[in-house]
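Please consult the sequence and the coordinates shown here.

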Amino acid sequence: MITVWVALLVGLGVMSGVVKNKTDNSLVLPGTGSNSAQELLQRSGAAQAGDADQIVWQVGPGRSVTEPAVQQRISAMLTQVSHLPEVASVAGPYSAGGEVQLSSDKRTAYATVNFTKQADTLNHDDVKLVISTATAAREPGLAVELGGAAIESVQTPPSSTSSAIGIAAAAVILFVVFGSLLATALPIVTAVAGVGSGMLLVSPLSHVMAVNGVAPVLGALIGLGVGIDYALFILTRHRRGLESGLDPEQSTVEALNSTGRAVLFAGGTVCVALLGLLTIGVGFINGLAVPAAMTVVCTVIASLTLLPALFGVFGLRVLGRRRRRALLAGEQGRAESGQGLWARWAQAVPRFAPVLATVGLAAMLLIASPVLHLKLGFVDASNDATSSTSYKSYEMLADGFGPGFNGPLFLVSEVHSPADQAALDRLNHALATVPGVAAVQAPPAPAPAAAGSAIEVTQVLPKTAPQAQATPDLINHLRDSVVPEYADGTALKVYVGGVTASNDDFAAMTNAKLPLLLVTVVGLSFLLLLVAFRSLLIPTLTAALNLLAAAASFGVLTAYFQWGWGTRLFGQGAASPIMGYMPEIVLAVLFGLSMDYQVFLVSRMAEEWSHTRDNTRAVIAGLTHTARVITAAALIMIAVFAAFSLTSQRDVAEFGVGLAAAVALDAFIVRTVLVPSVMYLCGAANWWLPKWLDRRMPHLAIEPPAGGSGPAPGGVRNLTDSSVNS
């Protein structure tokens, strides 16, 4: 099996090198005005083939960028840039027709650098060469900065850095939990193999469907978290079997037949939750969900195949030398003997259940309260680190040309007749008087699109920044009132497009589909738990608490990013709205991960209930035997997610903070406080299911039947001195 995995990783690596990753960050939003505008541009051939970035320069007060010394220095630099690799052209303000690239006070100017490729496919070294060539023109009193998608892409540290930090933090936690370097290494090796295979499969997948550029980062983030956790659960059960006297092979069978089932079930719920994102019907989100689900599948397979093979290689050494010696002396683990912190906590829950349920619920509601002020939108360069060149160029352009310059709107029109042209001319003339419009740049001549029609593009600069609420209000006003006033009664078609309009449409579309996603994910989770635990109350309680945990995690996101509490503290740029697609992604992942912990906790309770029919004993046993491993697994996930939260890439940082907060709240409040206290208060009602429904449902056993696995004939293996000291 180990040989198979090595061959698999090598083969996937070779294939990935041959079949290059083909990222697609295009935002296709069928039925929206911004998408119609983009389609018209593509029909006219006006769509930009490569990425367009800006070089911005600014002089001090009392000076002008048209001074001969400044003009000569900048012109020489622009000429150098135009001859660099992957640069198609450079359009500056000093050539004919470039006056619009000069600010009214002549202190700020910009040049457009047109690359031969889109930002995702450009070589970072080529982009860095453009940056170094442009910034070499700086001198006292002359600031030169760069902005644009390609420029921002080279400012973002590679995801491998965050992955390494997360793995290192997870290793520390595993060593504290197990006290053994070998036991620490096994979950990490398993997770890395699973995540590595999943990420290598992204390359061929990207030729079958549109895969977003951030998909590998999201896949690594989720895959590392669940991969290490799944391996941790199986390893913990395996070590428990060894401590009970089973030989390594028997213990491995026991672990796979019990915890392995739970891992398979939990991984399935994560994939179901992620694939539930397909109900939104947006290719951008599909390109995130499918690669992430594929990575989770790979981590589950690694946990169920590679990890047991490693158990077979290392035998009793997964326990560590000290534990093997203690086992030889006949000592029993504290968790199994009813001692330890979590055993005492489990005994305390029945005594204080009403108080714990009330306090836990109040804490979650308090943390969730900022979600009432949640504002969805998109980030831009104004949210980059203040030391970055993209942030400085953004501020220079806003200072010189107005805050709306960084988020222009494009009115794309399809003209069929002179009457349409006359109506469009009236519209363009009226746009300058619309409240919230700073400037209007009408096209000099129509671009031919097809026989009998032409495509025209009018640029509208808002008075407000892209993230200001007044900007989407202006978009809606143009679409609902201004454009219909002049286009009605004619064949003229006018669509409001541009990046800002596309982002606004995306947020509106995902918000509209959020209820469907909730029904899908909550409904499927309910059905899975209903079949697994033969109970109506447990899946209902799980759904309600998962929704509460989701609200609390978005409360944290709102305070951290939208209110700027965390971004100011950690130097992550200015406060900003929450990314428009963040609720769907975080909600799907959270439901999947929460189901993991619920399955491991409640399956142990169900096992005790099936033996004793005593709900109190079931709650205590479930918490005693699973709380330690659940909280350890949660700490690992939190460490992995937190490592990604410190990246300068805002959407990845939001994933990291949102998921880290969700897992922390879920593990340390929901699963160890609210679930056991509420289940204790509900008593035997936890396990009630109408007989007619029970007869009609299939049977799905997460835990094996009692006596289904255990020591093979021959009894308990004797531990020899040589095995303990090996």
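## Residue classes and conventions

Ala, Val, Leu, Ile, Met, Phe, Trp, Tyr, Cys and Pro count as nonpolar, Asp, Glu, Lys and Arg as charged, and the others, Gly among them, as polar. This is a predicted model, in which local features need pLDDT of at least 70 and side-chain atom pairs pLDDT 80 or more, while totals for chains, interfaces and linings use all residues. Residues are numbered from 1 along each chain as its sequence is written, and side-chain values use heavy atoms, leaving out hydrogens and water.

## Second largest cavity

A cavity is a set of points on a 1 Å grid over the protein atoms alone where a 1.4 Å probe fits but cannot get out; its lining residues have an atom within 4 Å of a point. The volume of the second largest cavity, about 40 Å³, is the space filled by probe spheres set on the points, which are joined across faces, edges and corners. Its lining divides into 7 nonpolar, 3 polar and no charged residues, including Thr269, Leu524 and Phe591. Helix 18 (499–533) gives the largest share, 4 residues. Helices are DSSP runs of H or I, at least four residues, numbered from the N terminus.

## Largest cavity

The largest cavity holds about 170 Å³ of space. Of its 13 lining residues, Arg237, Arg240, Thr259, Phe600 and Thr626 lie nearest the centre. By class, 4 are nonpolar, 5 polar and 4 charged. Helix 9 supplies the largest share of this lining, 4 residues.

Notes: 1 Å grid on protein atoms, 1.4 Å probe; cavity = no way out; pocket = protein on both sides within 12 Å on 5 of 7 lines; lining within 4 Å. Helix = DSSP H or I, 4+ residues; strand = E, 2+ residues; numbered from the N terminus.
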